[in-house]
Amino acid sequence: MTRDGANIANRMMLLGLVAGIAVLAMPAAACPIPVYQYALEWWERDAYEIYLFDNGEVTAEQQELVDRLESIAGGDEDEAPANLRLRRVQAESEARLLAHSALRGETPDAFPWLAVYYPSMSARTRAPVWMGELTAENLDALLDSPLRRRICELLLERTSVVWVLLESGDTDADNQAAALVERELKRLENILVPPELEGQGLDDIEIADIKFEFVRLSRDAADEQMLIEMLMKSEIDLVDYEDQPILFPIFGRGLIMHALVGRGINPRMILDIAEFLTGPCSCTVKSANPGIDMLSAVDWRGQVKPLSQEFVEPATGLSGFMESMEDARDIEP
């Protein structure tokens, strides 16, 4: 098996383990609302953990940034409602701060210092997303970026899935991957249909149309480096494939699905993910579904008007999706 094939197989094995746990833990029931719609309307975002290391020497300008960060983390209506939880670490000596486990051996250049981690509920890795000095520039880049804003706008406009192709820098490989993805998404938009609600007593529920959007992201995009870090570190092995294009499906309120890498970007794999995300929400429990939240500054709860009722009975998990993904393990890319 090629390196890409091994990567795909390992990722599918991880998904299979998660799905197996979900199946064992949940009673059988069915939620006919498609995953993309249910996730947008009902799944609250998980919070990133941000450690703020402070040695007690804070300037007035830095204190303003600390106050801003605390206000955002506290849900102040005057600030962007980013999904983050702030943990402030203070000590009387720099040595004690450096001993803190969240720093992971990193030596801060200056204080205050930030260490940003994925939401603990859904993290696939405990490696930090980003570490650096608390500055206005760094804080702005952490909370927002043009492409993240665009992705969120598309999802708020009821785009089912935004497919982000992180380019490798190899023009031919990137163009070939982009052409394949665009072709497949157009084809799938024409053949995929949302779950059928007729006869289920849910005639008053509106189902949003299936709609895909495709965007390309250069690794050299200066204002998207924080987003690239979030994408590349969302799975522990992706850093081994920086020389290949990587496709990230993003849905719901900014959930980053498991990535497709290199030759793993093929019609079969794209179809499997698209069918799962446009199919019935087989498990209404967010934590039993694949995906890790993107850090964003959007008031999803205030801007999303549900078209469907919230189903509280969980179902059997990802069995149908996993069966097709397990089949894909046997395909040589």
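Surface first. I took accessible areas from the Shrake-Rupley method with a 1.4 Å probe, and for residues only the protein chains shown count as cover. The protein exposes about 15,000 Å², and carbon and sulfur atoms supply 47% of that area.

Ground rules. This is a predicted model, in which local features need pLDDT of at least 70 and side-chain atom pairs count only at pLDDT 80 or more, while totals for chains, interfaces and linings use all residues. Residues are numbered from 1 along each chain as its sequence is written, and side-chain values use heavy atoms, with hydrogens and water left out.

Overall make-up. I counted helices (DSSP runs of H or I, at least four residues) and strands (runs of E, at least two), numbered from the N terminus. The protein has eleven helices and twelve strands. I called a residue buried under 20% relative accessible area, exposed over 50% and partly exposed in between, with a 1.4 Å probe and protein chains only. Of the 333 residues, 54% are buried. For contacts I required heavy atoms within 4.5 Å. Among contacts between residues at least 6 apart in sequence, 77% join residues at least 24 apart.

Backbone. Most residues other than glycine have a negative phi, and most peptide bonds are trans. I looked for departures. The peptide bond from Phe-111 to Pro-112 is cis, with omega near -5°. Pro-112 sits in the loop between helix 4 (94-98) and strand 4 (113-117). Arg-158 is not a glycine, yet has a positive phi of about 75°. I found Arg-158 in the loop between helix 6 (146-156) and strand 6 (161-166). With a relative accessible area of 19%, Arg-158 is buried.

On a 1 Å grid over the protein atoms alone, I took a cavity as a set of points where a 1.4 Å probe fits but cannot get out; lining residues have an atom within 4 Å of a point. Points are joined across faces, edges and corners, and the volume is the space filled by probe spheres set on them. I got one cavity of 30 Å³ or more. The volume of the largest cavity is about 60 Å³. Arg-158 turns up again in its lining, with Tyr-36, Gln-37 and Leu-40 also among the lining residues. Helix 2 (residues 35-42) gives the most to this lining, with three residues.

Aromatic pairs. I paired rings of Phe, Tyr and Trp (its six-membered ring) with centres within 6.5 Å; planes under 30 degrees apart count as stacked, over 60 as edge-to-face and the rest as tilted. How many aromatic pairs are there? I counted five. The rings of Tyr-48 and Tyr-118 have centres 5.7 Å apart and planes at 45°, so this pair is tilted. The pair links distant parts of the chain, 70 residues apart: Tyr-48 is in strand 2 (residues 48-54) and Tyr-118 in the loop between strand 4 and strand 5 (130-133). Both are buried, Tyr-48 at 0% relative accessible area and Tyr-118 at 1%. The rings of Tyr-51 and Phe-53 have centres 6.2 Å apart and planes at 20°, so this pair is stacked. Tyr-51 is buried at 15%, and Phe-53 counts as buried at 0%. Tyr-51, Phe-53 and Tyr-117 form one aromatic cluster.

Definitions and conventions: 1 Å grid on protein atoms, 1.4 Å probe; cavity = no way out; pocket = protein on both sides within 12 Å on 5 of 7 lines; lining within 4 Å.
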